[in-house]
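Hi there,

Here is the structure I promised to pass on to you. Please have it open while you read, and my notes will follow below it.

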Amino acid sequence: MSPVVIDPAASPRAEAYALWMDAPNPMVTFFKTLDVTPLLRFARRHDYRFNALLCWCVGKAAGEVEEFCTLPVGRQLLRYDAIAVNTIVKNRRGGVSSCDVPFSPDLARFHRDYLRLTRETAENCRNHDLPEHVVIGTSAIVETEIDGAVGMNSGIFHNPFLIWGRYHKGLLRTTLKLSFQFHHTQMDGAHAGRFLRLLQEKIDTLK
């Protein structure tokens with residue numbers, strides 16, 4: 001179903017829209033260290049991709065935060081009924097392509113879609129876009145561990161975005177540092193904090 005244009009003044013984000021839509025930089029970035037030990041164990045035991053599992057947990061957590069369904073696009077405020085998680089794919093030409101994967105609460109289905117769509121995107125070197133979904137962007141910089149990253153404010157794309165690097169293996173647990181960027185019109189800090197808390201909870205459920 002196509003997204004629906006809503007009246008910002010009649011929405012719960014009315015005050016935020018008035019305050020932040022014309023701000024020079026309306027994007028806010030949080031940093032978080034996650035315990036991804038359950039993800040790594042699950043991936044190894046069940047032959048799942050670690051990145052796919054984390055993307056599924058992102059979609060699962062976002063689905064429980066109402067603010068993710070409303071996104072500023074241009075000057076409009078749009079309401080979506082479906083979520084997709086985007087991942088950046090290295091394509092066969094040596095460049096990168098963007099791949100939107102529709103979120104499904106069924107982990108096995110999401111993992112199959114993730115593998116199929118990223119493989120097709122890498123092969124045909126064309127972005128796979130799902131414009132009828134609210135898209136949560138992700139970028140995995142797996143070549144190195146990072147302490148955090150701040151995405152650019154393009155003024156065009158206002159989608160929430162997560163960036164992470166290589167996970168760190170400690171003596172007893174494996175951790176991953178990530179950043180979460182969001183448009184202040186879409187959500188406040190409390191909503192973002194709740195999302196990050198839920199993200200850790202979803203990871204923990206894979207134990």
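Predicted model: local features only at pLDDT ≥ 70, side-chain atom pairs only at ≥ 80, totals over all residues.

Let me begin with the helices. Two packed helices are described by the angle between their axes and the distance between the axes. Here the pair is helix H3, residues 50–62, and helix H5, residues 189–204; their axes come within 8 Å and cross at roughly 130°. H3 and H5 are therefore oblique to each other, and their crossing is right-handed. On the H3 side, the contact is made by Leu54, Cys57, Val58, Lys60, Ala61 and Ala62, and H5 brings Phe195, Leu198, Leu199, Lys202 and Ile203. Sorted by type, the residues of this H3–H5 contact are 9 nonpolar and 2 charged, with no polar ones.

Now for the salt bridges. The search of the whole structure gives 10 of them, and I'll take you through a few.

One joins the side chains of Asp22 and Arg75, at 2.7 Å from N to O. Asp22 sits in the loop between helix H1 (14–20) and strand S2 (27–35), while Arg75 sits in the loop between strand S3 (70–73) and strand S4 (76–79), so this pair ties together parts that are 53 residues apart in sequence. Asp22 counts as exposed, with 60% relative accessibility, whereas Arg75 is partly exposed at 47%.

Another salt bridge is formed by the side chains of Lys90 and Glu143, at 3.0 Å from N to O. Lys90 belongs to strand S5 (residues 83–90) and Glu143 to the loop between strand S7 (134–141) and strand S8 (161–165), so here too the pair ties together parts that are 53 residues apart in sequence. Lys90 is exposed, with a relative accessible area of 62%; Glu143 is partly exposed at 46%.

Glu120 and Arg116 both lie in helix H4 (residues 107–124), 4 residues apart, which is about one turn of the helix. Their side chains meet in a salt bridge at 3.9 Å, N to O. Glu120 is partly exposed, with a relative accessible area of 37%, and Arg116 is partly exposed too, at 35%. Asp113 comes in here as well: Asp113, Arg116 and Glu120 are linked in a network of salt bridges.

Next, some single residues to look at. Arg92 is in the loop between S5 and strand S6 (96–102) and is exposed, with a relative accessible area of 55%. Leaving out residues up to four places away in sequence, Arg92 touches Ala122, Glu123 and Cys125. From Arg92 to Arg44 there are 48 residues in sequence and 26 Å in space, C-alpha to C-alpha.

Most residues other than glycine have a negative phi. Cys125 is not a glycine, yet its phi is positive, at about 60°. Cys125 lies in the loop between H4 and S7 and counts as buried, at 15% relative accessibility.

Asp47 also has a positive phi of about 60° without being a glycine. Asp47 is placed in the loop between helix H2 (37–46) and H3, and is exposed, with a relative accessible area of 68%.

Conventions:
Residues numbered from 1 in each chain as written. Heavy atoms only, no water. Axes fitted to C-alpha atoms, helices over the stretch in contact; angles between N-to-C directions. Helix = DSSP H or I, 4+ residues; strand = E, 2+ residues; numbered from the N terminus. Parallel < 35°, antiparallel > 145°, perpendicular 65-115°, else oblique. Left-handed = near helix turned anticlockwise from the far one by under 90°. Contact = heavy atoms within 4.5 Å. Nonpolar A, V, L, I, M, F, W, Y, C, P; charged D, E, K, R; others polar. Salt bridge = Lys/Arg side-chain N within 4 Å of Asp/Glu carboxyl O. Buried < 20%, exposed > 50% of the residue type's maximum accessible area, 1.4 Å probe, protein only.
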